[in-house]
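Subject: Handover of a structure and the findings on it

Dear colleague,

Please find below the structure that I am handing over to you.

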Amino acid sequence: MSRTALRICPLCEATCGLSLTIEGTRVTGARGDADDVFSQGFICPKGAAFGELDADPDRLTGPLVRRDGVLREAGWAEAFDLIAARIRPIVEEHGPNAVGVVLGNPNVHTMAGALYPPALLQALRTHNLFTASTLDQMPKHVSSGLLFGDPFAIPVPDLDRTSHLLLLGANPLESNGSLCTAPDFPGKLRALRRRAGTLTVVDPRRTRTAKLADRHIAIRPGTDALLLASIAQVLFEEKLTAPGETEPHIEGLAEVADAVREFTPEVVGPRCDMDPDTIRALARELAAAPTAAVYGRIGSSTVEHGTLANWLIDVLNILTGNLDRPGGALFPLSATDRTPRPAGPGKGFALGRWHSRVSGHPEVKSELPLAALAEEIETPGEGQIRALITSAANPVLSAPDGDRLDRALAGLDFMVSVDPYLNETSLHADVVLPPPPPSQSAHFDFAFNGFAVRDQVRYTRPAVPLAEGRMDECEIHARLVLAVSGLHGAAPDAVDAMVVERTLSQAVADPHSPVHGRDAAALAAELTGASGPERRLDLMLRLGPYGDGFGADPDGLTLERVLAHPHGIDLGPLKPRLAQVLRTRSGRIELLPAPIAADLPRLRATLDQPAASLVLVGRRHLRSNNSWLHNIPALSGGSNRCTLQIHPEDAARLGLVDGADVRVTADGGAVTAPVEITDSVRRGVVSLPHGWGHSRPGSRLAVAAERPGVNVNQLLDGSRLDPLSGTAVLNGFPVELTPLA
């Protein structure tokens, strides 16, 4: 007898609602939940393959512990006993920075990955935190932190109401969106076209998104910041700036005008391979549109001037009066966000509160560049990383120079990986802690609701009971926190209880909190939920901007109310709320922060530098997500291939034949890949996707190993970084090609 159960999809940032068909304890089908308040039935191939991923035979079913140099199956108690016995002595002998932590992209797709890493880091007190953000989105966090005082205050395009969208370095028809949570992003772009809106795509490849656009501009990779600065220059020169209602909140407008004065279309155009008239047209159309939004992602982030490009995106939204207004770029308000505080100055955002030990990279948002991990492990001395904890991370494939990191990991004193697979990174671990399949886990999108194009709240409990011998993912993380903190053996709920106690103690002391002055213990007793994580979710909902405030608002959100609406609760379209968001020291938008001003000469210098004859960019596949979906048969093959795409004219010039192998060389190394000749990539550019290279011995990824591909990041040595954010330059770097027989 089959049954159905609801589950929010955890496989990309769109967070679509799924309706799962279950026979016994096995997921046999997945379709879009037509009643989901946010996704309204939309589903992509990744969601449709949910059952196959859930039942992947290569998923680990229990812990692995290294004995006599070999990873062997073990019990949960043995695994955590070993962690407790090994981590604490390393910290006590060498200090907290002797332990490094790496958090991968899938963490933000799980409840456990959102709730427990902060407690882990607090217990360890290490400064050696590395995450996927410095391979992806850190430039946006830095620019938002400098502009608005909060690195998580990221405005998103109001896709459902805008009349003009300028999109740079993003391919949402393949990625489903990023830092812009929007189920059916393709449908929203088509709706924009149907209502006579304008879509302009700036991308060196003619992607599926570019094919949908009114105008596709095949820019030279890595020059997005120059283009955006030139658009700003035109707006100032032609007196087209109109900040509108945001103007009283802005300081530094005249300084920005001076800063971009020399980036004229005539100067910038040749560097971007664009006609100056096209740049002026982009500026005029942006200024003339009734509503407009500028949005950029990976292609404008993982480049030499990623932070400047992301800063300029928001500068353009501000100059045209489109920040914080319907149809422009707005700040979402998640149900688990903090209750909005009164407008006023805040603590601001600072860079470089500490620096990495070896190369002196500045800290950004408490993180160091993932590209620096290998040298921090290899280099002896005080603060050397001797133990490593990775959670849902595979930096051997995702970070620059995986071969070097592979060697470095082999030299660690101790390593723990929380991962469902024995992959290219976790195979080095002394203990592997595998979470259960997603059907056996509850789901709430703590991170992505903060970037959603419509405010809503949804929560799904496990669709399938936890299998015998499995451990809930939240419990794994809680026990890990206890093991490294000297509290090994305590009940895992102790971690949740400590967080609840601390959160309520702060709330009752906060005059702006809805529970100010009340008794924290009495409030804790009111929390509902079947587990510690659910009690924490209930707490966050009650204290959040739509919450009941523990009885203060009888119509407010609680866990019980959310559970009573299995398809979610719609909280309405995004609303202007800039005054609530600003937390700079001045209490205003600081339009030209000092770190940005100091980095602009580096951008100006590129105007006089010769352009490389051939540069490489990455690409996304609809049926993939970085390195972690290549082991699913339904998602492999077809267009999801690791090939080097090249324009026909470049192929002819270099003597390359479609399907033949070519050697690709850059400053960090070389890889060999099959050639795919296509006019979808512009001349002077080649494209190789990110996340491949599943050929290392010892991993257990049978399907991925059949089509291993090559690791594009092996072309990099980690020296190319955006200095403001520490983000690795993964796009727009020069390469050389050599045909192979």
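The notes below describe the sheets, a pair of helices and several individual residues.

This is a predicted model, in which local features need pLDDT of at least 70 and side-chain atom pairs count only at pLDDT 80 or more, while totals for chains, interfaces and linings use all residues. Residues are numbered from 1 along each chain as its sequence is written, and side-chain values use heavy atoms, with hydrogens and water left out.

Some conventions apply throughout. Helices (H or I, at least four residues) and strands (E, at least two) are DSSP runs numbered from the N terminus. Two strands pair if DSSP finds at least two bridges between them. Axes are lines fitted to C-alpha atoms, for helices over the stretch in contact, and angles run from 0 to 180 degrees between N-to-C directions.

Three strands make up an open antiparallel sheet, in the order β1-β2-β3. Its edges are β1 (2-8) and β3 (26-32), each of which pairs on one side only. On average, neighbouring strands here are turned by 30 degrees against each other, direction ignored. Seven bridges link β1 to β2 (residues 17-23) in the antiparallel sense, and A5 stands opposite L20 in β2.

The parallel sheet

An open sheet of four strands has the order β11-β10-β9-β13, with parallel pairing. Because β11 (215-217) and β13 (293-296) each have a single partner strand, they stand at the edges, and one side of each is left without a neighbour in the sheet. The twist from one strand to the next averages 15 degrees. Within this sheet, β9 (residues 164-168) pairs with β10 (residues 198-202) in the parallel sense over five bridges; L167 has V201 in β10 as its bridge partner. Helix α8 (residues 185-194) lies across β9, β10 and β13 and runs at about 125 degrees to β10.

A pair of helices

Two packed helices are described by the angle between their axes and the distance between the axes. For α10 (residues 224-237) and α15 (residues 306-319), the axes come within 8 Å and cross at roughly 25 degrees. That makes α10 roughly parallel to α15 (angles under 35 degrees count as roughly parallel, over 145 as roughly antiparallel, 65 to 115 as roughly perpendicular and the rest as oblique). The crossing of α10 past α15 is left-handed, meaning that the near helix is turned anticlockwise from the far one by less than a right angle. In contact terms (heavy atoms within 4.5 Å), D224, A225, L228, A229, I231, A232, L235 and F236 of α10 meet L308, A309, L312, I313, L316 and L319 of α15. By class, this contact has 13 nonpolar residues, no polar ones and one charged residue. Here Ala, Val, Leu, Ile, Met, Phe, Trp, Tyr, Cys and Pro count as nonpolar, Asp, Glu, Lys and Arg as charged, and the others, Gly among them, as polar.

Strand β23 and D661

Strand β23 (residues 661-666) contains D661. The covered face of β23 has V662, V664 and A666, and the uncovered one has D661, R663 and T665. A hairpin of two connecting residues joins β23 to β24. The two strands, β23 and β24 (residues 669-677), pair in the antiparallel sense over six bridges, and V664 has V671 in β24 as its bridge partner. Strand β23 also pairs with β29 (residues 736-739), in the antiparallel sense over four bridges, where V662 stands opposite P739.

D661 counts as partly exposed, at 37% relative accessibility (buried means under 20% relative accessible area, exposed over 50%, partly exposed in between, with a 1.4 Å probe and protein chains only). Leaving aside neighbours within four places in sequence, D661 is in contact with T672, A673, P674, P739 and L740.

Two residues with positive phi

Most residues other than glycine have a negative phi. D68, although not a glycine, has a positive phi of about 55 degrees. D68 is placed in the loop between β4 (64-67) and β5 (70-73) and is exposed, with a relative accessible area of 78%. A196, also a residue other than glycine, has a positive phi near 65 degrees. A196 is placed in the loop between α8 and β10 and is exposed, with a relative accessible area of 68%.

Yours sincerely
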